[in-house]
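Hi there,

Here is the structure I promised to pass on to you. Have a look at it first, and my notes follow below.

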Amino acid sequence: MPRRPKAELAIFEPEIVQEILEWDQGPALLSKADSFGKTPLHYAVSHRQHGVLLLLLNAEASLERVPDNEGLFPVHVAAMMGNIRDIVVLVEGCPDYAELVDGQGRNFLHCAIEHGQENVVRFFCRNDRFVVLLNAMDYEGNTPLHLAVKYGHPRMVSSLLQTMSVEVGITNRDGITAADLAYSHLEPGLHYFLDPRAVVKNILYWTRAPVTLGAGGDHVLLHSRMSNTRPATDEGPKDIDGITATSTIASVLIATVTFAAAFTVPGGYVADDHPRSGTAVLARRFAFRAFVASDAMAFLCSIVATCFLVYGGAGQVPPGQRRFYQRSASGLLPPGAQLMVAAFAFGIHVILGEANRWLVTVVYVLALGAVLLCFPGIWAPFYLVKAIWRRAGWRGLVNVHRRPASLEEFFWLFITSFLFKNLMRPLFAVLISVTFLVSIALNIALPDY
């Protein structure tokens with residue numbers, strides 16, 4: 001809905017509207033529509049003038065049943081604007097609100113989803129009063145869940161799946177379920193794990209929402225094909241080289257820095273004329289040990305990722321294996337970078353020692369922020385847990401809905417599960433954070449340790 005100039009908005013002040021309604025010809029203006037078919041009530045809703053809305057409804061309650069040229073009723077406009085308060089008021093005076101549909105047969109929940117109003121969808125899902133809307137179909141047979149999948153809204157899909165009255169197996173006029181839409185909107189191959197459409201597909205995969213497309217309706221086979229295959233005409237460097245090039249630069253940089261740091265240890269070495277000559281002076285300090293451990297792990301993660309990327313960028317390697325190498329490398333790079341940050345913080349601690357206790361603490365706090373923020377996606381999307389648990393229980397979280405035919409199948413199912421993927425991503429961030437806290441505590445309580 002286009003915004004109006006401030007001068008025009010002034011006519012929606014409640015005092016002005018009240019004066020117009022008290023005028024002899026004022027009530028006759030209530031039902032007058034402009035060239036778009038919009039009445040004053042449409043504009044009051046679109047400009048969030050709740051006081052004006054109440055005045056207009058008190059003067060003429062039937063206005064809420066007047067659609068514009070596109071078939072949009074005022075309650076549709078309120079849903080499109082995300083205005084829950086106006087929706088509640090409009091619905092109270094209209095018991096048959098579920099029958100108010102626009103030119104496409106969509107109710108106001110459909111409109112809220114189409115316009116990305118997550119708060120409205122969440123409100124409807126938590127309110128039993130609106131259960132009649134949750135499975136309603138438009139003229140194309142699409143339910144609210146179909147539209148949430150179509151427009152790629154993970155949080156809306158999660159809210160709908162948390163509501164057990166939402167039926168996930170409904171097919172539209174083309175015989176397509178919501179899960180079918182999720183698969184059809186994604187190209188086979190690698191996807192960024194926070195891509196909204198990839199998240200939508202994954203949650204429907206983890207909850208095993210019914211599918212009818214390909215693979216005999218088998219979710220596991222469909223997911224496997226989507227992840228590991230690609231048509232021969234689409235094997236070019238377009239989708240692989242971009243990821244490989246940037247990832248290789250990052251992994252080589254981390255490997256170079258951590259390799260150099262390993263042989264330029266903070267604190268220096270013991271002189272040749274002393275016992276244990278050539279060893280690190282501060283080798284027995286906790287911070288030094290943490291520095292060595294984090295630096296070594298960062299180097300190993302990055303060098304293994306580099307090796308995987310070499311194979312992942314080779315045209316002679318089969319496409320399925322190339323994607324395996326790329327996925328493995330993309331999983332190793334974030335912990336490599338986080339461990340490098342940790343090694344930097346521990347190295348600063350070793351250099352400053354107990355003489356700069358509070359400065360060391362500041363460095364740890366800043367480093368902790370970098371560890372947690374440099375890869376913000378490690379904490380997402382935990383909002384899916386409730387939906388998966390309600391729909392599939394613990395089996396959905398570990399992705400084992402039936403007894404695996406072999407240990408290999410069980411392993412593949414588990415590593416593609418929500419639990420594995422979303423516990424592994426923050427694992428190193430949590431471990432580094434705990435080690436930082438231990439170092440700060442030791443620096444304060446036992447500065448010589």
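**Cysteines, cores and a surface patch**

C111 is buried, with a relative accessible area of 2%. C125 is buried as well, at 11%. Please keep in mind that this is a predicted model. There are zero disulfides in the structure; a disulfide, as you know, is a covalent bond between the sulfur atoms of two cysteines.

Now for the interior. In soluble globular proteins, nonpolar side chains tend to be buried together. Here the largest nonpolar core has 67 residues, and the members that touch the most others are I87, F108, L145, V149, L160 and L204. Helix α13, spanning residues 196-206, supplies the largest share of this core with six residues. A second, separate core holds 25 residues, among them C301, F346, A367 and A429.

Leaving aside residues up to four places away in sequence, L145 touches V157, L160, L161, V166, E167, V168 and A178.

Which helix gives the most to the nonpolar patch? That is helix α22 (residues 427-445), with three residues. V438 lies in helix α22. Its relative accessibility is 36%, so V438 counts as partly exposed, because that class runs between the 20% limit for buried and the 50% limit for exposed.

Note on methods: Residues numbered from 1 in each chain as written. Predicted model: local features only at pLDDT ≥ 70, side-chain atom pairs only at ≥ 80, totals over all residues. Heavy atoms only, no water. Disulfide = S-S within 2.5 Å. Buried < 20%, exposed > 50% of the residue type's maximum accessible area, 1.4 Å probe, protein only. Helix = DSSP H or I, 4+ residues; strand = E, 2+ residues; numbered from the N terminus. Core = buried A, V, L, I, M, F, W, Y, C linked by side-chain atoms within 4.5 Å. Contact = heavy atoms within 4.5 Å.
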